[in-house]
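I opened the notebook to look up a few things in one chain. The entries follow in the order I took them.

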Amino acid sequence: MNWDEEVDLVCAGDGTAGLATAIAVADVGGDVYIAGSAAAPTPGERANRISPWLGLDSFDEETNDYLAALSSDLGPLPLRSASDLDVPIRVVSEPSSTQSGRTVAPFVGARLGDWAARCLASPYGYLHSRVSDWHSSTVQASDGDMIAVADIGSIAPAPGDPSASVHDWLLAQARDRRIEAHAGSVLQRIVFEEGAVVGAVFTTPEGPLAVRARHGVTVAAGGAHVGSASSARLPAGDSALRVCLVSKHASRFGRVELLTSESLGQPVPPTCRPVNRRLHLNLHATHDRSPQWRCGKVHGHTSFGQ
């Protein structure tokens, strides 16, 4: 295989989850290639593909076999309700930045399957081709659930449209880090070597582009903003929430969530939201840039978390 580029992580999907993944990788010293989700199949190819999830609609046989194997034991994905279209908000016992990250929850296979199905059905979900160890902390949710968290930063979302607030904030954070999303590049196929995912090939306006991934490929849900007409519950006052990539230990699946240590209020009445117009929000944001691993370009390629 002749590679055109080599990066730490390849991300197929430039929606909310794709941007969050790219920012998390950049903040620990890595580089990422982020592109659109997938190419549209021809009518003949459409009949041979598997049911798409995470916005991926690939018609490459090897890619489809791989994705089918990952989801074969999950059963039917849960149907989305109106509340599922808003970015999830979860109460944790302590702010994620204060946790040591050394507590590992007991392994329960059935729970991991339920979690994977929820992530696949979520417009904020993503899948890593390998179980990653680069989450910076482990926190306990108010329901006792132990979750692995990569904390990206702080935001005070607008009550009327928290999902759009999160996406706009992530776009601004990506620009600050000079992360480029290749909107004209869409996934053609995932590349394997000896059964392991090593990169991906994308269709671009200039032709096929093969990108090798040192630390795997992430498939992220597409779509910039899919928030429902009913606003999510937010903490009372102007409390900031943490924008996080949330997963479970030993799982390849995750989703973007907002975490808070404050109790959630009652649902806020929906506000008028024009379809083709997004209000600019005065967002208050902070983010940590402390490195979690040394840059492979200078120090050699180490695994995430080292």
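**Entries on the first helix**

I listed the buried residues of α1: Thr 16, Ala 17, Gly 18, Leu 19, Ala 20, Thr 21, Ala 22, Ile 23, Ala 24, Val 25 and Asp 27. The model I am reading is a predicted one.

I then looked at how much of α1 that list covers. Eleven of its twelve residues are buried, so I wrote the helix down as mostly covered.

I looked up the length next. Helix α1 runs over residues 16-27 and spans 17 Å from its first C-alpha to its last. The expected value is 16 Å at 1.5 Å a residue, and the span of α1 is close to it.

I went on to what comes just after α1. Gly 29 sits there with a positive phi of about 90 degrees.

**Entries on the whole chain**

I looked up the secondary structure and found six helices and 14 strands. The chain has 306 residues, and 49% of them are buried.

**Entries on cysteines**

I searched the whole structure for disulfides and found zero.

Are Cys 11 and Cys 244 buried or exposed? Cys 11 counts as buried because its relative accessibility is 0%, which is under the 20% cut-off. Cys 244 is buried too, with a relative accessible area of 0%.

How values were computed:
Residues are numbered from 1 along each chain as its sequence is written. This is a predicted model: local features need pLDDT of at least 70, side-chain atom pairs count only at pLDDT 80 or more; totals for chains, interfaces and linings use all residues. Side-chain values use heavy atoms; hydrogens and water are left out. Helices (H or I, at least four residues) and strands (E, at least two) are DSSP runs, numbered from the N terminus. Buried means under 20% relative accessible area, exposed over 50%, partly exposed in between (1.4 Å probe, protein chains only). A disulfide is a pair of cysteine sulfur atoms within 2.5 Å. The expected span of a helix is 1.5 Å times one less than its number of residues.
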